[in-house]
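Please look over the sequence and the 3D structure shown here before reading on.

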Amino acid sequence: MEVVTSKCLLSLSPATSSRHMDDFIAAVKRVEAGAPGSGPLAVLRRLREAAGLNDAFVRHFLGNADSGGAELDASLSGYLSTAVRHRVTEDAKEEGVVLTPDGTTVALAPLLLGIEAGFLARSAGRVRGLYQLTLANDLDSSPLLGPDGCWDSVTSPQVFTLLGSPSALTAARVNGGMDGAVLGTEVADKSRRPLSLSGLLTEYYGRPLESKGLDAAPRLISRRRRENFRGLAAPPVLARQVLKAAELRRRLTGRSKMTPNERKQLAALVKEGMKEFVHQYIDCPPIIPRCMWGAEPYRGTPTMLSLPLTFMYIHHTYTPGEPCLTFQQCAADMRSMQRFHQDDRGWDDIGYSFVAGGDGYLYEGRGWLWQGAHTKGHNSVGYGVSFIGDYTTALPSQHSMGLVRDQLASCAVGGGRLIADFVVQGHRQVVNTSCPGDALYKEIKGWEHFGEVKKEK
């Protein structure tokens, strides 16, 4: 995908500018160029001022947004205001979010607030309000989490529509909050070389993967947001920050302190909410929804699975024969496989339940609820999970295998979709086939839940 240059952005109005991270970074570069010598903290305050992120809660931690610099021109200020200011409309359109190069969607406000808290700490000596500004301020809301959504176009994204009823913490806000906490912690470390804001965002969101995928990738990239966030904040710590954020909001609005009973009720709500947050965003792997990879509709009426299931069947795609390393290539591979399954095989949809790319993500096939067409005679009792590539002599990346072996499995058990003592089997164990390839089959024989069964004739 091409990066829109600053010169191009000058001619774009807020209504027509693409909502892609590349476009936002180009706008940040314009702000930096308009104030030569300004550090990232001053740039962040200018962005916050343009977006109107200056309520009492934010000022309590970050101070006033006024950077003291010259006013931004109208076109740039208008773009930043619409690009950063978050809201969900009555028709489930989410604004203030951008599509990133890895195929995930991020809310810009919590991202920028977290980074600003980190840069402020370089001069203030400690990070204040990092989790309140990025996630905790919304974690006491109900309904608590989700949903994800889909863009009208992945090449020129304009409109992001949610896939269900919105909550205060949509998937994009969680992604932005996690990224804000991760990057805020990173830039607060005085021992690390400070980057410009545009440089920081480019390194985090735009770094391409090499042939070994995430096994050889640097630590600080967006594809690792969940594992990086997991290492930052233990759930009890985050829960305490949620309670502190609620108390601060009351104080800033002139309301009385919570009574012991009110605090007890809120603590119980937060405890339950944290369980769901941990399950959905820490235990579960990141999954790219069907609409983001361009899935064609299911042909006919799906057969619903009766949960929980007993088996997880492991496959390789064989064709495509190489692991995909970008969102664009993985999405193209998914579309190619769906066309083959629907048009050549005559199936209703892509056969697999989930597919593991080499880019750090799983891709939704038939998903958790629809019966697949992956393991003949066994589709009603197990999920079919395939790795993109030919694994006759080589293995998928360790990271990709971990997403399936550890996170997808844990997610399925925790969500009541697989029984706790589920069985992992290779496709060849129950159907006359070489799938999932000799190398991968040998590998899964060492997995904890691997089990032997008699093959159907």
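**Briefing on the predicted model**

R207 is found in the loop between the helices α9 (197-206) and α10, where helices (H or I, at least four residues) and strands (E, at least two) are DSSP runs, numbered from the N terminus. This is a predicted model, in which local features need pLDDT of at least 70 and side-chain atom pairs count only at pLDDT 80 or more, while totals for chains, interfaces and linings use all residues. Residues are numbered from 1 along each chain as its sequence is written, and side-chain values use heavy atoms, with hydrogens and water left out.

**Two arginines**

- R207 is partly exposed, with a relative accessible area of 37%, where buried means under 20%, exposed over 50% and partly exposed in between (1.4 Å probe, protein chains only).
- The C-alpha atoms of R207 and G125 are separated by 30 Å, and these residues are 82 residues apart along the chain.
- R249 lies in helix α11 (residues 235-252) and is partly exposed, with a relative accessible area of 27%.

**The largest pocket**

- About 1100 Å³ of space lies in the largest pocket; a pocket is an open set of points on a 1 Å grid where a 1.4 Å probe fits, with protein on both sides within 12 Å along at least five of seven lines, and lining residues have an atom within 4 Å of a point.
- Of the 43 residues that line the largest pocket, D148, Q280, P285, I287 and W368 are the closest to its centre.
- Elements that give two or more residues to this lining include α8 (171-188), α12 (260-283) and β7 (287-288), and the largest share, five residues, comes from α15.
- By class, this lining has 19 nonpolar, twelve polar and twelve charged residues, where Ala, Val, Leu, Ile, Met, Phe, Trp, Tyr, Cys and Pro count as nonpolar, Asp, Glu, Lys and Arg as charged, and the others, Gly among them, as polar.

**The second largest pocket**

- The second largest pocket has a volume of about 480 Å³, and of the 22 residues that line it, F340, H341, R345, W347 and Y352 are the closest to its centre.
- Both β8 (309-316) and α14 (327-344) give two or more residues to the lining of this pocket, and the largest share, four residues, comes from α14.

How values were computed: Points joined across faces, edges and corners; volume = space filled by probe spheres on them.
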